[in-house]
Amino acid sequence: MSRAERSVGMTAELSSIAQQHLLRKDGHEDLCFALWHPSRGKERYTALVQRIIFPEKGDRSVHGNVSFESGYFERALAEAAATGAGLALMHSHPRGLGWQGMSKPDVATENSISAAVFGATRRPFVGLTVARDGAWSARFWERAAPRTYSRGDCATVRVLGDRISVTYMDQLAPPPLANEEQIRTVSSWGERTQRDLARLRIGVVGNGSVGGLVAEALARTGFEDVVLIDFDRVEKHNLDRLNYATREDIGKLKVEVLGRHLVGRATAVPFRVDLVEAAVYDAEGFRSALDCDILFSCVDRPWGRYILNLIAFAHLIPVIDGGISVRSNRHGMLAAADWRAHTATFGRRCLQCLGQYDPGLVQTEREGLLDDPSYIEGLPKDHPLKSRENVFAFSMSCASLEMLQMLALAIAPLNQANPGAQLYHFVGNITEEAQYAGCHIGCQFPGLVGLGDDCGIRATGARPIARQTAISEQLGAR
């Protein structure tokens, strides 16, 4: 296992358009320039390819190999500088399969323009190669010294559409070896699928009842690399729903207790779990989330879901989300118990359009009012923010639905990658018909796709004072 320092991401739509141009019917190589935007995580720097600049007549010479004219390069560079984007060069290896190395002419060409690109954009030049099977490989050309640029290979290139497809550079992200503990899992979908699945870096944001079950499922399935993001501590009233905590863990950080629990249950060797004591709207939590390939949203507050929604679209990291709603009648009897699961990503409905958070409450939470008992007391009795009912079995079912959403996205069994937005009613035993609609007209998030750090939205911020005070009081009472 090796942590990716550099990566490239793009939508499946852009990848398909690029391949239609680059993989020629005559078998010759071809090329085009493209614009990219940065997504800087805590450890990983990702170039999000957002738009292709196609060559015009006379811009390139195709003769088995391919070369570009200076005018085409200058036009693309000027457009990158004018829009504040980085510049990438895409070209094809029409006889190659899988991750591609570089020939000496390829290296010389890319190295020769890296200084000009950095000078105009202040961003590394990015080179990409596509093989005839559609596999992408990529590298950054980074400034090492004045007039000296060195090549840094990317560990992964992810393509996101109805499914997530990742090409790995095996030297930087070695394929895991299946072991006896994983026999039943691997026999379900094969060693090749397991190798690609297990190398995905998965983040679990919110380590409560559903998050704890999801994290254990990931560890047992053989994922090598899990990130836990939560700032909360185990409390006594959590013990009927946390699969990983005991009475001895009361007062301890959830990420620490859950992380220790996972190490003893992981089937991957090696297995790494990163513990991030932060909210996803904290700078550290946000940047740690950007290091992941897929995120699980196991939070119940609007600000966290707003952040995750932004990440799903602007940073091209799909977010598996869900939720549980329980209602009792005036006699204290169970009247309704519903849970849902869905995936927020490019081409599907976002969390806001799914009704998973009220955008008007995001600022309310930032101001700390959602931790003010007097504010909560003034809300209507049936307001979702007043709902605290849950049962461990409900969390198990919701976590299972979320895991199945992730597996469909990652392995696309029989090309079925999108199960739609799912909703189950326990009372009445009703599973509603899955929903496949996109975002509402006027939603801002589809317009942010692939813009990454350049999306213009500063969504992180300081944790509300009321919540900080509550945590301090909790620690003082220990």
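Me: Which residues form one aromatic cluster with Phe33?
Reply: Phe68, Tyr72 and Phe73 form one aromatic cluster with Phe33. This is a predicted model, where local features need pLDDT of at least 70 and side-chain atom pairs count only at pLDDT 80 or more, while totals for chains, interfaces and linings use all residues. Residues are numbered from 1 along each chain as its sequence is written, and side-chain values use heavy atoms, leaving out hydrogens and water.

Me: How many aromatic pairs are there?
Reply: The count comes to 16 aromatic pairs. Rings of Phe, Tyr and Trp (its six-membered ring) pair if their centres lie within 6.5 Å; planes under 30 degrees apart are stacked, over 60 edge-to-face, and the rest tilted.

Me: Why is the pair of phenylalanine 33 and phenylalanine 73 tilted?
Reply: Their planes are at 40 degrees, so the pair is tilted, with ring centres 5.9 Å apart.

Me: Buried or exposed, those two?
Reply: Phenylalanine 33 and phenylalanine 73 are both buried (buried is under 20% relative accessible area, exposed over 50%, partly exposed in between, with a 1.4 Å probe and protein chains only).

Me: New topic. What lies over the face of tyrosine 168?
Reply: Arginine 199, at 4.1 Å from the ring centre. The rule for a charge over a ring is NZ of Lys or CZ of Arg within 6 Å of the ring centre and within 35 degrees of the ring normal.

Me: And which ring has arginine 463 over it?
Reply: The ring of phenylalanine 231, with the charged end of arginine 463 at 4.3 Å from its centre.

Me: What does aspartate 106 touch?
Reply: Aspartate 106 touches His91 and His93, leaving aside residues up to four places away in sequence; contact means heavy atoms within 4.5 Å.
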